[in-house]
Amino acid sequence: MNNNKLTIQRISLHTHFICNLKCRDCCVRAVEYEKPYNPTPEFLISEIDKLFSIIDGINYFAIEGGEPLLYKGLPAVLNHILKYLDRINIEVPLITNGGFIPDEKLLFVLSRFENKIHIIVDDYGPGKSSKVNEISALLKIKNIRCTIKDYSQNLYFGGWVDLYGDYDKKRTKKESKDLFQKCAWAQKLMGVVEVIGGCLFFCPSVRIFNEHGFDTSDGWIDMYDTSASNKDKKEIIKGWYEKDCFNACMYCNGIHDESERFVPAIQLTPEELKKIRVNKNIYREQL
Ligand SMILES: C[S@@+](CC[C@H](N)C(=O)[O-])C[C@H]1O[C@@H](n2cnc3c(N)ncnc32)[C@H](O)[C@@H]1O
Ligand code: SF4
Ligand code: SF4
């Protein structure tokens with residue numbers, strides 16, 4: 001084993017935060033933004049290059065949003081990821097809410113990933129995931145690996161979790177260490193690193209509590225920061241995997257066996273949506 005190498009277990013590239021659904025408990029809070037994050041394909045391509053200039057490999061390189069199938073530049077972005085396929089060790093999960101059928105251009109790029117692509121179709125039920133059967137049939141014909149998650153049959157670990165609550169401080173640093181020890185995102189998944197606006201966040205909570213004005217700087221880096229070398233950035237990321245908690249864990253509910261569970265994809269009404277919306281897109285969207 002080479003100690004200078006850094007392979008990250010799980011990274012999620014956010015195409016954008018635009019989504020047709022308005023899930024109350026959306027764990028990335030795509031519903032919160034008045035003007036959702038909406039980067040250019042050129043910017044996402046540059047983020048991918050930056051990422052692979054800092055780290056050596058990724059086991060699971062997930063593509064998600066928002067709703068990634070609503071992102072017009074998706075074929076171009078996936079096409080670029082193909083360049084790095086030999087550094088993606090396990091797979092590229094593409095997670096969709098089952099509302100949109102992939103077009104020919106997208107299908108063509110997906111098929112080029114061969115056994116490394118894995119389309120995960122969330123079936124949130126009628127009126128929400130209306131195209132699940134068509135997507136499943138089409139991907140079967142094209143021989144593209146696909147898993148349907150039918151939430152009417154299986155709530156997956158008992159349902160969704162509210163990670164954020166009142167967005168305020170909930171515990172001391174010492175109590176945070178106990179939460180971190182049982183948090184599935186930290187332990188089982190070994191981090192759910194997000195790529196957004198040219199930054200890397202250890203998990204969505206680190207990003208979201210940063211957006212809410214708390215100091216979560218021990219859990220994220222700006223990949224475009226010119227004052228630090230790629231080597232320095234790599235060392236900071238390596239350090240995340242040796243920590244016993246992050247500042248964000250003081251504010252977060254975590255996700256664990258005792259977490260309260262909710263029915264997935266409960267939809268907000270337009271009135272409820274107005275109340276929670278914040279005009280806070282603080283991320284780079286173009287080069
Ligand atoms: C943020 S979504 C983006 C992809 C797509 N829009 C979708 O919903 O399938 C990525 C994954 O997070 C899951 N998810 C969203 N909110 C969650 C929550 N509060 N608890 C657990 N999983 C959640 C979704 O079911 C989905 O599989
Ligand atoms: S479908 Fe729901 S969980 Fe997925 S991004 Fe949209 S609002 Fe969030
Ligand atoms: S901030 Fe929350 S989700 Fe992230 S590791 Fe800590 S407890 Fe887990």
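How many nonpolar, polar and charged residues does the shell around ligand 1 have? In this predicted model, the shell divides by class into eight nonpolar, three polar and four charged residues. There are 15 residues around ligand 1 in total, and those that come nearest are Asp25, Cys27, Asn97, Asp122 and Trp160.

Cys19, Leu21, Lys22, Cys23, Cys26, Ala30 and Val31 are among the residues around ligand 2. Gly65, Gly66, Glu67, Asn97 and Ala265 also belong to this set. By class, the shell around ligand 2 has seven nonpolar, three polar and two charged residues. Asn97 is listed around ligand 2 and is also one of the residues that come nearest to ligand 1.

Strand β6 covers residues 193-196. In a regular strand, side chains alternate between the two faces of the sheet. In β6, Val193 and Val195 point one way, while Glu194 and Ile196 point the other way. All four of these residues are buried, Glu194 included.

Strand β6 pairs with two strands, β1 and β7. The pairing with β1, which spans residues 7-14, is in the parallel sense and runs over three bridges. Here Ile11 stands opposite Val193 of β6. The pairing of β6 with β7, residues 199-201, is in the antiparallel sense, again over three bridges. Within this pair, Cys199 in β7 is the bridge partner of Ile196. Strands β6 and β7 form a hairpin with two residues between them, and in this hairpin Gly197 takes a positive phi near 60°.

Key. Residues numbered from 1 in each chain as written. Chains lettered and ligands numbered in written order. Predicted model: local features only at pLDDT ≥ 70, side-chain atom pairs only at ≥ 80, totals over all residues. Near = placed C-beta within 6 Å. Nonpolar A, V, L, I, M, F, W, Y, C, P; charged D, E, K, R; others polar. Buried ≥ 20, exposed ≤ 12 C-beta atoms within 10 Å, placed from the backbone. Helix = DSSP H or I, 4+ residues; strand = E, 2+ residues; numbered from the N terminus. Pairing = 2+ DSSP bridges.
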